[in-house]
Amino acid sequence: MRKQPVWAKPALLFAASAALLLASTVGSTRAALTYYSDNYALEMTVAQSMGVSLTENGRIVSHRDYDGSAWNGDGSGTLLEGILDEGEKLIPGKSYEEAIGVSNSGSIDSYVRVILQRSWLNPEGGKDTSLSPDLISLNVNTGSGWVEDARSSTPERMVFYYTRPLPSGQSTPLLCDSLKIDPAVMKEVLEETVSDGEGRQVITTSYAYDGYRFCLEAEVDAVQTHNAEDAVKSAWGVDVTVAEDGSLSIP
C-alpha cells in the first residue's frame, strides 16, 4: 500500500519551534555580577568606590557598586528582554541585536572580565548536551580591546578580558553585537509511521528539538588597576603582564 505523507508547511513548523525557543528562554537568562577578592577590597578607602555595570542594547541590565563598606545596586538581571517585537517569532538564521558591554560605575579605574555561558534545555527543563552551544552564535568583536582566554573557555563557557584599563565613568567597546540561532537546529527530523484507523499508513514528521530552550548567561568581574598583576592573580587566578600603557597581556 502506498504510504501517504502528511506534511505541515515548513515555515509554520520553523515558527512554532522558534517561538518555543525564545518564549521559554527569557525567564532562564541571567546577568550576574561578581567582584575581586577580599584581599584587595581591604586596600580601598571610603573616598574610593568600585562599581561595574553590565549593559545590553544600550540599557543597564545589572550593576553593583562597592564603597569600601557595603554593596549597592542590583547584582542580577534578565537578558534578551525586548529582543523580539510583540507577536514576532524567532527565526533560526536571522541575526538579532544583542549588544553586550561593560561600564565602570565606580570612582576608580578597573580591569573587567566577562564570562558568557550558552546552553540548551529540553522541554522538561534538563540540560541537553547533544545540541552544541555553538548553535547559539554570538558575533564577538575581538580586536577592540577584548580577547578570549582560550585556555579557560569551553564550547559552553567563553571567557573574555578587556585588556585596557577602564576609566571611571567610561564604557568598553561592545563585546558582542548580535545573536543568531543556527538553522542546523532545525535539520534533524523525526519520522513516525502510524495507522490512521482506516487501514492506511501515515508518515508524520516533526523536528527532533521542537520545544527546546536556549539559555544565555553573562557574568562580569572587576579588578582594581592598583598592583594589577597581583590583583588579577588573586581575583582571577591568571598570570598577566602589565605594559607601561596599562594594557594587560594574557598568555
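Visitor: Is Cys 215 buried or exposed?
Guide: Cys 215 is buried, with a relative accessible area of 5%. Buried means under 20% relative accessible area, exposed means over 50%, and partly exposed is in between (1.4 Å probe, protein chains only).

Visitor: What about Cys 176?
Guide: Cys 176 is buried too, at a relative accessible area of 0%.

Visitor: How many disulfides are there?
Guide: The count is 0 disulfides, where a disulfide is a pair of cysteine sulfur atoms within 2.5 Å.

Visitor: What should I know about the model itself?
Guide: This is a predicted model, in which local features need pLDDT of at least 70 and side-chain atom pairs count only at pLDDT 80 or more, while totals for chains, interfaces and linings use all residues. Residues are numbered from 1 along each chain as its sequence is written, and side-chain values use heavy atoms, with hydrogens and water left out.

Visitor: What pLDDT does the chain average?
Guide: The average is 76, and 75% of the residues score at least 70. pLDDT is the predictor's confidence in each residue, from 0 to 100.

Visitor: Where does pLDDT stay under 50?
Guide: Over residues 1-47. The model has 123 contacts beyond four places in sequence for that stretch, a contact being heavy atoms within 4.5 Å.

Visitor: Next topic. How many residues has the largest nonpolar core?
Guide: It has 40 residues, and those with the most contacts inside it are Val 102, Val 112, Leu 116 and Trp 120. A nonpolar core is a set of buried Ala, Val, Leu, Ile, Met, Phe, Trp, Tyr and Cys residues joined through side-chain atoms within 4.5 Å.

Visitor: Which strands supply at least two residues of this core?
Guide: Among them are β3 (50-56), β7 (96-103), β8 (110-121) and β15 (213-224). The largest share, 5 residues, comes from β15. Strands (E, at least two residues) and helices (H or I, at least four) are DSSP runs, numbered from the N terminus.

Visitor: What is Val 102 in contact with?
Guide: Leaving aside neighbours within four places in sequence, the contacts of Val 102 include Val 52, Leu 54, Val 112, Trp 146 and Val 220.

Visitor: Back to β15. How many of its residues are buried?
Guide: 11 of the 12 residues in β15 are buried. β15 runs antiparallel to β8, and 12 bridges join them; two strands pair if DSSP finds at least two bridges between them.

Visitor: What stands opposite Arg 113?
Guide: Asp 221 in β15 does.

Visitor: And the helix α3, which residues are buried there?
Guide: Ala 228, Ala 231, Val 232 and Trp 236 are buried in α3. They are on the same side of α3 because they cover an arc of only 95° around the axis, taken from the directions from the helix axis to the C-beta atoms.

Visitor: Why would residues three or four places apart point the same way?
Guide: An α-helix has 3.6 residues a turn, so residues at that spacing point the same way.

Visitor: What comes just after α3?
Guide: Gly 237, which takes a positive phi of about 70°.

Visitor: Which loop holds Asn 227?
Guide: Asn 227 is in the loop between β15 and α3 (228-236). Its phi is near 50°, a positive value in a residue other than glycine. Asn 227 is partly exposed, at a relative accessible area of 41%.
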